Amino acid sequence: MKIVLGLPKGSLNNVNRGNTYRLFKDAGYEVKGYEPGREENEIEITNDPEIKAYLTRPQSAPVELNREMLDIAIIGEDWVREESINSGDESIKKIGDLDYGQTRLIVALPREEPYTSLEDFFLKNADRKTPILCFTEYPNLTRDFFMKNPGYRELFGDSRPVVQIRGLRDGDNEMVQIINSDGATEVYIAKGADLIVDNTQTGSSLRKAGLKIIDTIMESSAGLYAGPSCTGEKLEKAEMIFKQLYGATKARNYFDVKFNIANHRAEDVVEFLMKMEYCSDEPTVVPGREFSQINVLIDKRRFPEMLEEIKGFGASAIVRENIKQYIKQSSEHQQQYGKT
């Protein structure tokens with residue numbers, strides 16, 4: 001049995017955003033040909049011969065899943081919805097969210113414009129004689145969002161904005177035209193577009209381009225998705241892959257912390273750690289002749305406050321380590337994790 005996996009090209013394999021390559025490495029997979037910036041079209045996972053991996057553009061992955069060219073793929077929810085929103089086809093199923101690559105799909109226009117929302121923009125352009133031009137990589141989601149907007153509906157009712165994807169045109173409302181872009185969408189404002197719909201993480205690139213956000217279409221993050229060919233043994237394999245990957249993403253939120261404490265204070269420290277919920281479950285205690293070693297798995301956000309507290313108990317030899325995987329067996333209240 002072979003399962004065909006699509007691995008994302010572009011920002012989801014960028015060290016500053018998602019680094020899917022590192023995620024697979026942390027999950028225990030040996031990946032060849034997918035190093036960020038040096039990706040190859042065919043990617044080898046050397047320690048799991050049941051996985052055949054290919055590089056794929058996130059925009060193309062939903063099509064490849066539907067056409068059964070891929071069994072599973074890592075993509076953002078925004079691209080899945082862009083592919084399916086018109087047809088209502090739900091043949092692509094989310095196996096699970098991987099909690100990285102978070103982004104927002106937004107509507108933006110020049111910062112100096114007076115409009116406060118998309119509804120405000122439409123209503124204040126009621127007497128306009130020239131078409132409203134919007135550039136985006138998401139023409140289907142954009143048209144759906146526009147047509148549900150109260151301002152659009154007041155002016156144009158159920159008419160459909162014209163969508164143009166290269167030479168193809170569809171729609172009957174020539175006064176609102178949504179034109180497909182192939183990236184660097186924000187530059188179209190400088191070239192004369194009225195609006196753009198684009199995805200953004202922090203909004204910094206939009207601000208640099210002199211733009212402001214007036215509406216949000218959706219929020220999205222990376223997930224593992226399965227197409228209609230992923231059934232039976234393939235689905236079982238896909239779910240196993242997800243568990244491994246999710247354990248690696250979960251681990252990014254935790255530190256593995258060890259410290260020494262005098263034996264007569266060990267019980268007090270354990271009680272305090274559990275009362276304050278500083279540990280994922282019960283701390284591990286390894287008693288020694290005069291000192292005990294305490295080991296806890298702690299949320300990174302809470303580490304600084306815990307550090308100051310355990311110093312007050314006389315903790316010494318404090319060691320903090322990153323972890324690669326954190327898999328919680330909720331039914332048994334156990335964790336398994338590997339350290340860097």
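**Note on the predicted model**

1. Strand β11 (residues 173-180) is mostly covered, with six of its eight residues buried. Buried means under 20% relative accessible area, exposed over 50%, and partly exposed in between (1.4 Å probe, protein chains only). Strands (E, at least two residues) and helices (H or I, at least four) are DSSP runs, numbered from the N terminus.

2. This is a predicted model: local features need pLDDT of at least 70, side-chain atom pairs count only at pLDDT 80 or more, and totals for chains, interfaces and linings use all residues. Residues are numbered from 1 along each chain as its sequence is written, and side-chain values use heavy atoms, with hydrogens and water left out.

3. Which strands pair with β11? Strand β8 (residues 132-136) runs parallel to β11 and is joined to it by five bridges. Ile 132 stands opposite Val 176 of β11. Strand β9 (residues 161-165) also runs parallel to β11, through four bridges. There, Gln 164 has Ile 179 as its bridge partner. Strands pair if DSSP finds at least two bridges between them.

4. The largest nonpolar core has 29 residues, and Leu 5, Phe 24, Ile 72 and Ile 74 touch the most other members. Elements giving two or more residues to this core include β1 (3-8), α1 (20-26), β5 (72-76) and α9 (232-251). α9 gives the most, five residues. A nonpolar core is a set of buried Ala, Val, Leu, Ile, Met, Phe, Trp, Tyr and Cys residues joined through side-chain atoms within 4.5 Å.

5. What does Leu 5 touch, leaving aside neighbours within four places in sequence? Its contacts include Phe 24, Ile 45, Ile 51, Tyr 54, Ile 72 and Leu 224. Contact means heavy atoms within 4.5 Å.

6. The largest pocket has a volume of about 670 Å³. Of its 31 lining residues, Ser 11, Arg 17, Glu 137, Asp 198 and Asn 199 are the closest to its centre. A pocket is an open set of points on a 1 Å grid over the protein atoms alone, where a 1.4 Å probe fits, with protein on both sides within 12 Å along at least five of seven lines; lining residues have an atom within 4 Å of a point. The volume is the space filled by probe spheres set on the points, which are joined across faces, edges and corners.

7. Mean pLDDT of the protein chain is 92, and 96% of its residues reach 70 or more. Over residues 330-340 the pLDDT is below 50. pLDDT is the predictor's confidence in each residue, from 0 to 100. Where it is low, the predicted coordinates should not be read in detail.
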